[in-house]
Every structure is written in C-alpha cells, then in structure tokens.
Amino acid sequence: MRRPRVGGRTLEHVGDRTDTVCQEARWRRASLVDKLRERGSIRSAAVGDAMLAVPRHRFVPEAPLRAAYADDVFVTKRNNEGDALSSASQPAIVAEMLEQLDVAPGHRVLEIGAGTGYNAALLDALVGPRGSVTAVDLDADTVKRAREALDAVGCERVRVVQADGEAGFAEGAPYDRIIVTVGTWDLPPAWWDQLAEGGRLVAPLQIRGSEHSVAFDYTGGVLRSRSVITCGFMPMRGIGSHESQAVELSEGRIIAFHADKEVEAAGARGVLDERGTTVWTGVRIAPGEDTAQLSLWLACAFSGCGRMSAPFGDHGKLRLMLRWANPAVVDGGAFAYVACRRDGDADDVRGSGIEVGVRGHGPGGEALAERVAAQVAVWNRECRGDVRLQIEAYRSGVGPTVEGRFVVPKRHSRLAIRLARSS
Ligand SMILES: C[S@@+](CC[C@H](N)C(=O)[O-])C[C@H]1O[C@@H](n2cnc3c(N)ncnc32)[C@H](O)[C@@H]1O
C-alpha cells in the first residue's frame, strides 16, 4: 500500500506495520476512507491522505477495531447522568469539517475541543512540519489522554492545553485556522481576536433548534459563511455554555431547543398522544440533496423552532426529514414537525426523492403546520438552485445595525442571514 504523504512528509505509525492487529486496522481504515470518498465527505487528496495516515484506533484504544473504524461517534467520557462529555467525533463530520477548514501546509491552527486528540493528529498531518497545531480542552483528564495518544503516534509537536476554549489560546495567536469541535451557541470575542485577517473559522453553531457546521471567512472584522453543513455535537461547557432546553412532549419524546430565550412549551405537553394532521407542500428534495439550508431557514423563521429525533410521533408511513435533528416548532399548545414521504408514495423505490410535509398536533396544530408549510414553500421559491443562505456575523456593539432576511442576536455577536448566490 502506498504510504500516504501529507503536509510534505510521510506519517510513520509507531508500531503500526508488523502485527496483525495493525494490518486489520489498516484495511479497516482504508475501507472507511473509501466509503467517505464515495459519499463525498472526503473530497480532497490532502484530507483523504491524512485520514489514511492517522490510526484512529490509537486514539480510542478501548474500542474494538470494528468500532474504531465505523463511521460513528465513539463516546469516551460520560457524566453520572450518562450524558456524553467527550468523544471521537463521527469520521464523516470530521472529514467534512476538515474540507470546510481547507488547511494548507504551514498553517497555524487552533482546535477547540481536543477530545481524544484524533482530529489534532489529522491537523498535524495537514499543516506539515512548517505549521503548528494547538488543541485545547476543558478537562485535565481529557488533555492527558490526548497528549498520550498523540505522543504514541509520533505527533509530539502538537500542543495540547487545558483551557476553556471560550478564551481561545492567545499565546499561539494569530491563527490561520480555528476549528471548534464542540457545539457553540455564540462566537466569543477571543475567536475574533485570535483569527488572522483572511483566516477561516469552522464551528458547529447553534441557531435555535438547529446546529450547523459553518465555515466562516474573516475579512474586515466580518465573519462571512462560505458553507453550512448539518451536524450535531455535544454542547460546550464552561464559560460559554448555553443551556439547551429539553421539553418532553410525551413520554420519551423529547424536543430540544437552543433558543435565545426560553420557549413556552408547557401547553404542548401530551399533544403527541392525539392524532395529527399532515399538510403536504409539493416541495421535493432530490436523493442525496442537502437539507441543511431548509432546517436553517425554519430555525430562522420560527423562534419556537427546536429539533427532535426519531422515534417520535405517530409517523405511520411518514419519515422524519432528519433522524436526529428534525426541525419542529412549538407555539403555545400547538406543535408541528417536518415529515416526509417518498416521492409518488413509492415506498420501495430506492434512491427516489422525498416530498416535504408538515405534521401538526394539538389545538392550533393544523394552523401551525400550515404556517410551517408556507415557510417551506418560501424557502423553495427563494433559496434553491444556486441561491443559498449566507450567514454574516458581526461582533456585538461594533459597527452599524445589521440587516438581513433574518437577524439572530447572540450575546457576543449578531448574525445577519441573507440570500446569496453561490460563487
Ligand atoms: C466531540 S469532543 C471533540 C472531539 C475531538 N476533536 C477528537 O478528535 O477526538 C468535544 C470536546 O470538547 C471539550 N469541551 C467542552 N467544552 C469545552 C470548552 N469550553 N473548552 C474546551 N473544550 C471543551 C470536551 O471536553 C470534549 O473533549
């Protein structure tokens, strides 16, 4: 097998060539990379080579090889309630975010959320010997674990620091690239201060119920998005933590909000125990088409927009548009969520598109479903083809009043969300 060269050098895997465990790890890694290439999560040779070179199993030694090379998140730490506190993220989103970040040899990179150290090793491979990588994590035990794993695979140059990522890491600034691998509600001042002019920030940004990995280019004091991908990360803890609101509508059926202020949802409790009504929109999504823009649109259009996961509701033949981050809206006692059916009702047609519908429950549920469906139609009319929602972020208290199709205020930043033609 060709030894991958990245960032101008060959990554040698310590103890990774002779024993049979490592041979199995290599073919599993190669097959994962092939799959991610086929699905389009890996698009560049640099990211593909880095993922071929870095042995993910060395960063999750407690995982069987099959799990280490599955396209799945591997949780490495939980709190007493069972909530995940640290993990190796799903390889597909790791690859997508590295593609968004567009790292070049020689770059100085800051990662917020070191976790297992796996992504930091990939970044090290991408920046090469002339670049530098600093990764910060909130927890001392996580930092220790990442340090040990990085040392074991020969990535001693990566700096791992225990710090609250809200403050970035000023000592290594300015950075050409900042990547945040933990869900964030805001864009705190340190990230603006520590990013070089012309640099790029990639962060999983929560807007109401939605979470999207947004790649921002930084020029003239403005962060302007160039791509938006649906994602789901564990939320940031520490100074920048923003409590998400979880509402149990019926037993075990929970909807989560990252609202700007608490969503009044008490009236909607129990609505899923009653039958609902579906409003069909006639709007179709092609096979493989990205729905990130639609979920972002709905999150911007409805202050009561949250996200829900399957299994949920009386779906029958309906499907959720997104299994784990499906857009749903609460308004008083009414509840409505996006539901889909296969195009033409052809259940068994592989790869067919879907039609978007909205299912309403509770008093006023049908009217709310009509309102959500109307917004799906507006999105379809105004924001498809080569038109996209573009997020422009401005620091709070700096510059003029911002305007956009939607304006979402945060604590440290203001987001102006506009329609823009993709270049
Ligand atoms: C999804 S994991 C990151 C995965 C990691 N990039 C990897 O390759 O394994 C998220 C990490 O963010 C860390 N974290 C949470 N809040 C943080 C904060 N305020 N500052 C720095 N790290 C934080 C967690 O401790 C956790 O390790």
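Predicted model: local features only at pLDDT ≥ 70, side-chain atom pairs only at ≥ 80, totals over all residues.
## Overall make-up

The chain has 423 residues, and 56% of them are buried. Its secondary structure comprises 9 helices and 22 strands.

Among contacts with a separation of 6 or more, 60% join residues 24 or more positions apart. The accessible surface is about 17800 Å². Carbon and sulfur atoms supply 48% of that surface.

## Nonpolar cores

The largest nonpolar core holds 61 residues. Leu187 and Leu201 have the most contacts inside it. Domain 1 (5–240) and domain 2 (244–382) both contribute residues, so this core lies between them.

Which residues does Leu187 touch, leaving aside those up to four places away in sequence? They are Trp192, Leu201, Leu205, Phe216, Leu223, Ala393, His412, Ser413 and Leu415.

Another core, of 53 residues, lies apart from the largest one. Its members include Ala25, Val94, Leu122 and Val143.

## Cysteines

How many disulfides does the model contain? The count is 0, with a cut-off of 2.5 Å between cysteine sulfur atoms.

Cys305 is buried, at 2% relative accessible area.

Cys383 is in no disulfide either. Cys383 counts as buried because its relative accessibility is 1%, and the limit is under 20%.

How values were computed. Residues numbered from 1 in each chain as written. Heavy atoms only, no water. Buried < 20%, exposed > 50% of the residue type's maximum accessible area, 1.4 Å probe, protein only. Core = buried A, V, L, I, M, F, W, Y, C linked by side-chain atoms within 4.5 Å. Domains from an automatic or database assignment. Contact = heavy atoms within 4.5 Å. Helix = DSSP H or I, 4+ residues; strand = E, 2+ residues; numbered from the N terminus. Areas by Shrake-Rupley, 256 points an atom, 1.4 Å probe, with all protein chains shown as cover.
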